[in-house]
Amino acid sequence: MTIIKRGLTALAAGALSAALAMPAVAEPVKFDFWFGLSGDLARVVDTLCKNFNASQTDYEVVCTSQGNYDATLQNTIAAFRAGKQPAVVQVYDVGTATMMLSGAYKPADKLMEENGYKIDYADYFPGIARYYATSKGEMLSFPFNSSTALMYWNKDAFAKIGKTEAPKTWEDVGADLQAMKDAGYECPMAINISANESWQLMEQFSALHNQPIATKNNGYDGLDARLEVNKTKFVQYVTDLKKWYDAGLIKIKSKDLGQDMVQAFASGTCQVIMTSVGDHGTVGKTQKEGMNWDVAELPVYAGTERKNSLVGGASLWVLSGKSDAEYKGAAAFLNFIHDPKTALFWSTNTGYIPVTKSGFDYMKSTGFYDKAPFKGRETAIASLTASEPTEITRGIRLGNFTQIRAEFGTQMQAIFANKVSVQEGLDTLVKNGDAILDRFQQTYPGKTLP
Amino acid sequence: MEKRVTFSSWTIGILFAVPQLLLIFTFFYWPAGQAVYWSLTLQQPWGGGNIWVGLDNFRSILANADYWNSITASLVFAGISTGLAMFVGLVLAALTDRQLTGSRFYRVVLIWPYGIAAPALAMAFRFILAPEAGFMAVVNQVWPGFWDPGLDGTDAMASIIIAFSWKYVGYNFIFFLAAFQAIPRSLIEAAAMDGSGVLRRFWDIQFPLITPTIFFLLVINITESFQDSFGIVDIMTSGGPANATNLMVYKIYSDGFKGLDYSGAAAQSIILMVLIVVLTIFQFRFIERRVHYR
């Protein structure tokens with residue numbers, strides 16, 4: 001009995017002292033951050049969150065992975081409709097138009113201003129900033145993980161055909177692939193033609209060649225934009241890809257078939273691929289022992305004045321309907337991510353590129369790009385900053401673009417399976433894509449993009 | 001005279017029914033009603049507002065060639081996979097029922113596939129049927145280009161049919177075996193003594209006696225092939241290549257959740273519901289006539 005009594009007294013005393021101590025260390029304000037990365041990348045985000053929480057005592061960010069970009073957007077919408085949305089959410093590049101019309105966000109630039117943070121918006125690489133900014137140049141969300149597409153080429157295979165440099169034009173690519181085929185390579189180049197590859201095959205190609213994907217400057221100037229990829233240089237490109245595929249110079253590699261193109265390249269099976277700079281780390285880690293490879297900017301057709309490539313990845317949106325305290329925390333978090341040191345941490349541990357010039361300069365000054373595993377990643381910056389963004393190369397601002405990408409995959413598969421001709425396939429892509437855009441416009445009557 | 005439990009007053013009866021009615025209302029009528037409402041409006045995904053459009057959603061869906069292609073694909077899938085799963089299940093159950101060597105072992109093992117979740121099963125089959133790495137790679141070595149589900153729509157359709165049937169063979173097997181074992185042994189033994197062979201006994205005695213089970217499984221298999229195929233399609237083909245395996249249930253998911261076209265997806269799910277109802281009514285109206293329950 002006495003033991004219990006004594007224990008109770010001790011417990012009460014402990015509770016009392018705890019209660020007294022509480023006000024001294026104020027409970028940090030918690031806010032939610034939902035993101036769409038998984039696996040290795042999710043662990044890096046978790047570390048990033050821990051670093052933020054350790055860097056100050058006023059706020060605590062709770063980071064939750066939703067698995068992938070699609071699921072993040074879906075879950076956020078569901079949560080928003082139920083009034084349980086996170087304060088900060090990561091939304092992928094092509095979700096930007098949908099977000100802008102949602103009316104569900106707090107503009108990031110306003111948030112930072114209200115909370116006394118000065119962000120130098122001119123510091124962002126213009127190719128990155130324009131993708132997420134309004135037509136007037138206001139940043140509604142903060143670029144977070146950014147990448148662009150590069151050509152990965154196997155130096156050993158190119159050495160076999162007497163080349164020491166990556167091809168710069170598509171004409172050269174055609175000749176080199178043929179030479180490699182003649183030299184006995186089974187798979188000179190690998191591509192995939194699902195919805196995801198719309199990014200490097202259609203979007204990046206069109207930007208590099210300053211060709212529009214849709215009217216109204218790719219949708220920036222109005223919701224009545226409609227696709228026009230069936231009458232640009234893109235037609236020629238698909239025709240060439242199909243020709244090379246038929247000649248056995250290009251193989252289709254996807255996970256469903258047993259090996260995706262990154263694996264095919266890293267294992268030395270295929271000699272050229274086009275994929276995100278974000279895969280740079282994966283190739284380095286999984287490559288065949290002793291294989292020599294490098295990255296280069298995506299080729300263009302001869303006689304083309306090269307423009308900047310498009311940024312891929314996602315940005316951070318702050319959602320409406322949260323408390324001022326949470327907004328303070330969100331602003332501190334965005335400010336933390338904006339820091340060049342965070343950029344170095346982020347880029348070292350993922351393959352993503354820094355989004356600001358100061359971040360890039362800081363990384364260069366630490367010698368990041370000189371060391372072996374990271375060497376070559378600066379090519380992505382060169383590609384993104386190849387020119388000032390034009391009206392067309394600043395990005396794509398089309399509603400429900402995910403569905404248009406799906407349609408791209410469908411039509412490319414039909415073309416490559418010889419079900420339709422290149423022109424017919426692209427015509428159908430435009431027709432079905434326009435129906436999607438039409439529907440999006442009808443859903444938001446009388447609204448305009450900011 | 002059959003004895004029936006009756007309630008003296010209405011109120012008690014209704015009180016007993018209320019929990020069930022509430023459940024059905026919350027989880028069926030309410031969402032279904034919501035889907036009907038959504039299908040008649042254009043919903044902004046973020047809930048900012050909606051516009052009444054009447055039957056426009058249905059009109060635009062039914063005018064879309066891709067949608068008809070999706071219906072055709074669903075019907076082909078339902079027809080072949082139901083036929084295959086039921087036929088194989090029936091044969092295996094009939095053989096197991098004959099108590100050949102090892103039938104106890106088969107009885108346990110053949111039930112397992114149904115216990116595997118569709119996505120896990122699809123992962124396994126994606127590997128088995130992968131043209132470059134799996135079992136089919138061997139076949140492709142002998143006949144190059146024979147199997148290519150990445151570009152050939154027929155091959156892709158065959159893949160998902162095989163995966164789905166494999167899962168439902170186990171399910172059908174349990175029911176068929178139970179039905180076979182419910183047939184009095186004396187009937188079979190009498191027929192055997194009269195000199196009829198295995199096949200004759202099957203056609204004249206066993207098959208007619210299990211028609212209720214066959215009918216039940218037919219309804220379930222067809223209904224499930226419209227709904228339970230989602231996980232398999234999502235993992236194995238994502239509806240490709242070129243929409244060849246874009247079944248109705250998958251199209252609802254991709255339009256609604258990936259494309260954020262909630263209204264169009266709602267309209268499609270209403271059409272799917274009506275289609276399943278019509279198919280089921282058809283089965284009860286025309287096929288059930290041939291079923292003998294006693």
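When the bonded cysteines of chain A are numbered in sequence order, they pair 1-2, 3-4; a disulfide here is a pair of cysteine sulfur atoms within 2.5 Å. The model is predicted, with local features requiring pLDDT of at least 70 and side-chain atom pairs counting only at pLDDT 80 or more, whereas totals for chains, interfaces and linings use all residues. Residues are numbered from 1 along each chain as its sequence is written, chains are lettered from A and ligands numbered from 1 in the order in which they are written, and side-chain values use heavy atoms, with hydrogens and water left out.

**Disulfides**

- Over all chains, a search of the whole structure finds two disulfides.
- One of them joins Cys49(A) to Cys63(A), with an S to S distance of 1.9 Å. The torsion about this S-S bond is about -100°, so the disulfide of Cys49(A) and Cys63(A) is left-handed.
- Cys49(A) belongs to helix H2 (residues 40-55) of chain A and Cys63(A) to strand E2 (residues 59-65) of chain A; the pair links distant parts of the chain, 14 residues apart. Helices (H or I, at least four residues) and strands (E, at least two) are DSSP runs, numbered from the N terminus.
- Both Cys49(A) and Cys63(A) are buried. Buried means under 20% relative accessible area, exposed means over 50%, and partly exposed lies in between (1.4 Å probe, protein chains only).
- A disulfide also joins Cys187(A) to Cys270(A), with an S to S distance of 2.0 Å. The link of Cys187(A) and Cys270(A) is right-handed, with 100° about the S-S bond.
- Distant parts of the chain are linked by this pair, 83 residues apart: Cys187(A) lies in strand E7 (residues 187-191) of chain A, and Cys270(A) in strand E9 (residues 270-276) of chain A.
- Cys187(A) counts as buried because its relative accessibility is 3%. Cys270(A) counts as buried because its relative accessibility is 0%.

**Aromatic rings**

- A search of the whole structure finds 55 aromatic pairs over all chains. Rings of Phe, Tyr and Trp (its six-membered ring) pair if their centres lie within 6.5 Å; planes under 30 degrees apart count as stacked, over 60 as edge-to-face and the rest as tilted.
- Trp203(B) and Phe207(B) form a tilted pair, at 5.1 Å centre to centre and 55° between the planes. These two residues are separated by about one helical turn because they are four residues apart in helix H10 (residues 198-209) of chain B.
- Phe207(B) has a relative accessible area of 25% and is therefore partly exposed.
- In chain A, ring pairs link Phe31(A), Phe33(A), Phe35(A), Phe52(A), Phe144(A), Phe333(A), Phe336(A), Trp346(A) and Tyr352(A) into a cluster.

**Charges over rings**

- Lys106(A) lies over the face of Tyr327(A), at 5.0 Å from the ring centre. The criterion is NZ of Lys or CZ of Arg within 6 Å of the ring centre and within 35 degrees of the ring normal.
- Arg285(B) lies over the face of Phe286(B), at 5.6 Å from the ring centre.

**Helix packing**

- Helix H11 (residues 211-227) of chain B packs with helix H14 (residues 262-287) of chain B at an angle of about 165°, the axes being 11 Å apart. Axes are lines fitted to C-alpha atoms, for helices over the stretch in contact, and angles run from 0 to 180 degrees between N-to-C directions.
- H11(B) and H14(B) are therefore roughly antiparallel to each other. Angles under 35 degrees count as roughly parallel, over 145 as roughly antiparallel, 65 to 115 as roughly perpendicular and the rest as oblique.
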